[in-house]
Amino acid sequence: MTTSIAAPFKYHSPDTVEEASGLLSRYGGAARLLAGGHSLLPLMKLRLASPEALIDLGGIDGLSGIREDGDELHIGSMTTYAEIARSGLVAERAPALAEAAAEVADTPVRNAGTIGGSLAHSDPAGDLPAVVLALGATLVASTAGGSRTIGADGFFTDFMATALGSDEVLTEIRVPGGGSGSAYAKLANKASHYAVVGVAAAVSVEGGVCTSARIGITGAGPHAVRSPQAESALVGSTPTAAAISSASQLGGAELAGQFNEDIHASAEYREAMVKVFTERALTAAFARAGG
Amino acid sequence: MTTATSIGKAVRRHEDPRLISGNATYIDDVKLLGMAHAAIVRSPHAHANILNVDVTGAANSPGVVAAFTGADVQEQLGSLPAGWVLADMKTPNHPPIAFEKVRYVGDAVAVVVAETPQAAADAASLVEVDYDVLPAVVNAEEAVKDGAPQLHDDAPNNIDFEWEVGGGDYDAAAAEAEVVVKQRMINQRLIPNPIEERGVVADYNRATDQITLWTSTQIPHLVRLLFAAVTGHPEQKVRVIAPEVGGGFGCKLYIYAEEVICGVIAKLLARPVKWISGRQEGYQATTHGRDHIADVEMCGNRDGTITGIKTTVYANLGAYLSTFAPGIPTVLFGFTLGGPYRMPNVACKVYGVLTNTTPVDAYRGAGRPECTYVIERLVDIFSKETGHDPTEVRRKNFIPKFTDGHEVSTGVTYDSGDYEPALDRALEMLDYGAFREEQRKARSEGRLIGVGLSSYVEICGIAPSAVAASLGAGAGLWESSTVRVHPTGKVAVYTGTSPHGQGHQTSFMQITSSELGVPFEDVEVFHGDTDKQQMGTGTFGSRSVAVGGTALYMSLQKVIDKAKRIAAHQMGVPLQQVSYESGTFYVEDIRERNMSWGDVVGEAYSAKNLPPEMEPGLEAVTFFDPQNFTWPFGTHIAVLEIDQDTGESKVLRYIAVDDVGNVVNPMIVDGMVHGGVAQGIGQGLQEQAVYSEDGQLLSGSMMDYALPTAEDVPTFELDRTVTPTDVNPMGVKGAGETGTIACSPAIVNAAVDALSHLGVRHVDMPLTAEKMWRTIRDAKAAQSD
């Protein structure tokens, strides 16, 4: 079949997160949340996804917006890429996130697609998963019974799979504070503009020495991952160009044997590009950290 | 008198306000009372015997009107024809709905008709087809080998035709030559992407037995002719309407299965039927372009003189012959293999090969981009081998200026040419010397930049009919016009050409307004309806102004001639004393004795005092068949930077100096060059249709097929030289395809130039980041060995 018409589905527009979660429970895994839809609807039109129902989060008040909460930046899950990309607060506090949001697809997609939709979809080539890993963000998952937080490190579990329970709604992304510098660097797929390889880096420097480094990688493997070997190589060192270059050679070392391969890029190329873009992201992040 | 809308002025496009404001009628805007919707069930296998097709479930699905298998409509649907027939060519049967065997992913196997598109799509998924899957072959070179899967019983080794053209004696020239360079070149398969996909609405009138077919096509009259041939429905009872057509680039230049399927089903059901292609469906079921595997060589002397070119091409035709397919890799490829150069010896052999892929036919440029690519890449390789600057080798070998025809060794005669000024102008715009200096500096900084040239000659103004027929064309390639002056003096123009984005209305209004001296807005141009327009051929091969515009020009002269005779009669002077200028007929030397355009037109229709024997009315029809093709030319230059860490290429500058003869609307010509160059950059850098070995189209959507976007193209720097043709009275050559024809070799030449110090001699398109990264890595490794 080569249809461009989705299979029939029911449509719900709940007013509250509790109601949305209740609907998820009721459909027992046969419903999908609609949070922008720029990934889900194309799959449905090709009938690669045929959910029984769509539960539109667009009518729920309070899921959108960017605010400071003490040291943290709290971003509602229904905040669009465009809002994030033009937020002065995000540009100042988490430039990697602003950069990544500005590089997602094109203007119409950025005006409709949301951070929560992107993270919960966990596309292996999505931009934002790498960024929340690097920033050490915390994700808030809510049900009718209450909320819990999930660390970004434990959120992306497999190819298009996350730690969200079947009735949980991702409601907020909390980015921790701290005087770090961050950046996102991406080799875009020329067709889809998804990441062939995308690397986000967040670093802290004190007295000329790197005190923390987090690297998130997307596009390269089955889901977004951190790169602990490259991170460890940097912590405690003086982030000279040579040190960054040397540490970048360990970028993606943990993905050995798992690099994606498709018509756009071989595993070998992705492995090499992770190193190149790790170096680019780190260089920009250290520059911002004043390192 | 020249006005703001005369020939040669950059008049804003008359059609754009409606096209961009949502008020135009594209195919999906056609809605008829009682209209049903068709969904086509397509083969998921590249090659399989059909054991059984069961449409019972689909037929019983909610909202379904009917479901048909190929066997159900076997009686009503003949084979889709090949309209270009070469000597000793095979013409395998091409059923619009397959019923014995499917031969590519996307081959139609059933059609479901329902009350809504949604119900049709739902029901289509319920059609059950039992397939006996067969081995498939997608590569033309592999397909001709013994033991390869066989598509059609009547085409052994999948070879549809072997075709040759040449001149001189290449083998003797190569034996004598001081230098022979050889290279294998792949011209990858592309997928045309008009912004509007194909679509059809068919209506049957039981009272009159008339079928009306709205279809998104470049060739309404040929669709009518071929529809009648395939379905047996009499041609005079078929009306084909091409409404606004949102782009074509060649892929809407054929009779398609869906056109005959919808027409026949509308008749069987006696209700209107609509089918609209989705983008992914179009990727499978609308023709592709290019797909050559070529072994090519060039010979010559150490002083930079080129003496010959030889090509052996495996041209992938796909699973069946599309309407013009055999003519593209042969006639439109081989005859210009000498390019703009003195090329005394040419040898060209082409194998047309059937494979388990979507049929391949014309895509903007159609054979000429493939030809130019081979020549211009070889010229660069030859320049490198002989140690000469590529600009100087081109200059040294150009055919000197000619104005009244130049016969080249393949036997065709170029109309007019003056190749050096276009090269000079392009080099001046670039500042070639300064670029080489910048390149040296960049290399010392570790940056990779390069410049690539492409000097070309193309065949345009497709016609003349007798020549085209001798080369295989199944239809006359003349063009027609009617000029109908209304009693109020307003003018209706009817053209057999069929625009799909080119701005014909504007250009034809300019021609009419200029020649008749009537206001621009008093002219209306009609096209795309076989019941309104006299027989026509359509729009392709950059022919509309050169052939169709000339037909219009000639009708306008006929109208003026008749009007002058009326004026002379009314004013009581001999015809030769009457002049016409800007809406006034006057007696020479006595300008106060005159009649206005409106008065003369009024006399033509009142008919109360016409010259003896003269018929009333003011209308003229012309069928124009030129004596030669037209041969535009020019030089394009690309400047490219390659990121040596990632292999990504960026076009820094793009300069195009074209010579398309006289120009009717320079803004429209610039726009066509922009679009063509963007497509050429797409082919050069990133587009490619990729099949798996078992025939699945892996680049099956825009998520995987890398069309260029605004960020992939630079600001275009354009100029023109003007060398009119004497093939037609306006001296116009045609400008629709220069971009795709000239561009891709300029891009690759620039990339190879950027890497030449690393010993890189050739890279096949597309220059993807990974391919360039590997090329750089391997070249550096080879240098350090």
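Predicted model: local features only at pLDDT ≥ 70, side-chain atom pairs only at ≥ 80, totals over all residues.
Next, centre the view on B:Thr550, where α16(B) has a kink of about 25°. Then go to B:Gly572, which follows α16(B) and has a positive phi, near 70°.

Now show both chains and select the contact between them. Chain B contributes 27 residues and chain A contributes 18 residues. On chain B, colour β1 (36-42), α3 (117-124), α8 (279-285) and α20 (769-784): each supplies at least two residues of the side that touches chain A. Which of the elements gives the most to this side of chain B? It is α3(B), with five residues. Colouring the side of chain B that touches chain A by residue class gives twelve nonpolar, eight polar and seven charged residues.

Move to chain A and select its open sheet of three strands, which has the order β1-β3-β2 with parallel pairing. The edge strands are β1 (10-12) and β2 (31-34) of chain A, each of which pairs on one side only. Viewed along the sheet, neighbouring strands are turned by 25° against each other on average, direction ignored.

For the last stop, select β1(A) together with β3 (residues 53-56) of chain A. These strands pair in the parallel sense over three bridges. Pick A:His12 and look across to β3(A): its bridge partner there is A:Ile55.

Methods: Residues numbered from 1 in each chain as written. Chains lettered and ligands numbered in written order. Contact = placed C-beta atoms within 7 Å. Helix = DSSP H or I, 4+ residues; strand = E, 2+ residues; numbered from the N terminus. Nonpolar A, V, L, I, M, F, W, Y, C, P; charged D, E, K, R; others polar. Pairing = 2+ DSSP bridges. Axes fitted to C-alpha atoms, helices over the stretch in contact; angles between N-to-C directions. Bend = angle between axes of the 7 residues up to and from the residue.
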